[in-house]
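Me: I have a new structure open and would like to go through it slowly. Could you take me through some parts of it?

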Amino acid sequence: AAAGLSPAGEETAYLLGTGNGLLLWKWHFGSDLKDVKTDKVRRITQVHVLADLGLVVALGCKKGGHPYTLLYDLKELLATASAPAGANAGGSVMAPCQGRKVADSRNCSAFAVGAHGGGGEARLAVVVKKQLFLYSYVSATRDFERKRSFDLSDTCGCLRLIGGVALCVLPSAFAVLQLASEDGALRHLPLPTTAGTIATVNHIADVGTELLVSYNNLSLFLDQKGIESRDFTLKWTSKPCGVEYTHAPHMCGFTAASMEVRSALNGATLMVIPFKTSAVLLHEPTSHTLYTAHNTQVVYDDANKQTKASCTLYRITYAV
């Protein structure tokens, strides 16, 4: 997982979620990675920076524990990565940044952050087993307070907030919630595939007023009511780990072995480039840049067949 940190005009920096916690990555030629010290080492599978609130939201799970949605103070996180090893400016030991668990988020599988209302109030949505919880931000406590809950028909593989809509992708249906109506009900719409399809969700991308949803080896466009908005479904050569709408009318799908460029007008294949990808970390449309990762196992002891994990990060730019 990854999230951007840099305001416009400053050095490009990112928070990376890994199997061993968070890293601070500053991109430049000869770029470096720095450990971000937190109270507990957790596997981070989602991360989102709320710069205006000075918070980082992450989905983390310590070894042998349960996953939680966590809140970290942004300045404290960056201070632990910038300080000399083991010390702060006074020479004493630098305390790790404490993560605060969001209430009722134990065993969560996904979260999403978005703005709501004319004042841009921060909203947090969290999926726990077969329930969707909605939270509002409370500035006095710098915390998210649970406001509403909804029952889902199944576990959720992916969740997004866009405009006034929360979209959960389930194994056989889309669950759509209109946030503008406080009395709104959660609607379940069947996936537009053969009956009984189990959806392994890969990605949800914003495309203006539409969503580009990818599951199994398929991608389709939905409107903000969760209904198909275009008359075709894209079928990739294999299951993509991420699909991004780069610029009209093109989109890129990243599979384990290739990067495919498709037309967003009719789904036609325009280009296939051999390229190994394990995850699409981040897409920055304003700078026309994609960040991806390729995970491998490196053998360091042939006799005992011992391996260690390795990850290569890529920065891809495209013309418009």
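Predicted model: local features only at pLDDT ≥ 70, side-chain atom pairs only at ≥ 80, totals over all residues.

Me: How many residues sit between S2 and S3 in their hairpin?

Reply: The hairpin formed by S2 and S3 has two residues between the strands, and Thr-18 stands opposite Gly-21 in S3.

Me: And what does S3 pair with over five bridges?

Reply: That is S4, which pairs with S3 in the antiparallel sense, and within this pairing Leu-33 in S4 is the bridge partner of Trp-25.

Me: Why is S3 described as largely enclosed?

Reply: Five of the six residues of S3 are buried, so the strand is largely enclosed by the rest of the structure.

Me: Let's stay with Trp-25. What kind of aromatic pair does it form with Tyr-14?

Reply: The count of aromatic pairs comes to eight, and the one formed by Tyr-14 and Trp-25 is tilted, with 5.8 Å from centre to centre and 45 degrees between the planes. Because Tyr-14 lies in strand S2 and Trp-25 in strand S3, the pair ties together parts that are eleven residues apart in sequence.

Me: Are those two buried or exposed?

Reply: Tyr-14 is buried, and Trp-25 is buried as well. Trp-25 also pairs with Tyr-291, and here the ring centres are 5.6 Å apart with the planes at 85 degrees, so this pair is edge-to-face. Since Trp-25 lies in strand S3 and Tyr-291 in strand S26 (residues 289–301), the pair ties together parts that are 266 residues apart in sequence.

Me: Which residues do the ring pairs link into a cluster, then?

Reply: The cluster consists of Tyr-14, Trp-25 and Tyr-291, linked by ring pairs, and Tyr-291 is buried, as is Trp-25.

Me: Changing topic: in what order do the strands of the open sheet come?

Reply: Four strands form that open sheet, in the order S5-S6-S7-S8, and their pairing is antiparallel. Its edge strands are S5 (42–50) and S8 (100–101), each of which pairs on one side only. Inside the sheet, S6 (residues 55–62) and S7 (residues 68–73) run antiparallel and are joined by six bridges, with Leu-59 standing opposite Thr-69 in S7.

Me: Which strands does H1 lie across?

Reply: Helix H1, residues 74–82, lies across S5, S6 and S7, and it runs at about 75 degrees to S7.

Me: Which residues of H1 are buried, and why are they on the same side?

Reply: The buried residues of H1 are Leu-74, Leu-77, Thr-80 and Ala-81. They cover an arc of only 130 degrees around the axis, which puts them on the same side of H1. As background, an α-helix has 3.6 residues a turn, so residues three or four places apart point the same way.

Me: What do those buried residues pack against, and what is on the face turned away?

Reply: The buried residues of H1 pack against S2 (13–18), S3 (21–26) and S4 (32–36), as well as S5, S6 and S7. The face turned away from the buried side carries Lys-75 and Ser-82, which are exposed.

Me: Back to the sheet for a moment: where is Arg-42, and is it buried or exposed?

Reply: Arg-42 is placed in strand S5, and because its relative accessibility is 5%, it counts as buried. The side chain of Arg-42 makes a polar contact of 3.4 Å with the side chain of Tyr-72. Leaving aside residues up to four places away in sequence, Arg-42 touches several residues, including Thr-18, Gly-21, Gly-60, Leu-70 and Lys-101.

Me: Last topic, backbone angles. Which residue has a positive phi of about 65 degrees although it is not a glycine?

Reply: That is Asp-104, which lies in the loop between S8 and strand S9 (108–116). At 45% relative accessibility, Asp-104 counts as partly exposed.

Me: And what about phi of Lys-129?

Reply: Phi of Lys-129 is near 55 degrees, a positive value in a residue other than glycine. Lys-129 lies in the loop between S10 (121–128) and S11 (131–138), and it counts as exposed because its relative accessibility is 54%.

Terms used:
Residues numbered from 1 in each chain as written. Heavy atoms only, no water. Pairing = 2+ DSSP bridges. Contact = heavy atoms within 4.5 Å. Axes fitted to C-alpha atoms, helices over the stretch in contact; angles between N-to-C directions. Buried < 20%, exposed > 50% of the residue type's maximum accessible area, 1.4 Å probe, protein only. Arc of directions from axis to C-beta. Phe/Tyr/Trp six-rings, centres within 6.5 Å; stacked < 30°, edge-to-face > 60°. Polar contact = N/O pair within 3.5 Å; in protein donor to acceptor, adjacent residues only side chain to side chain.
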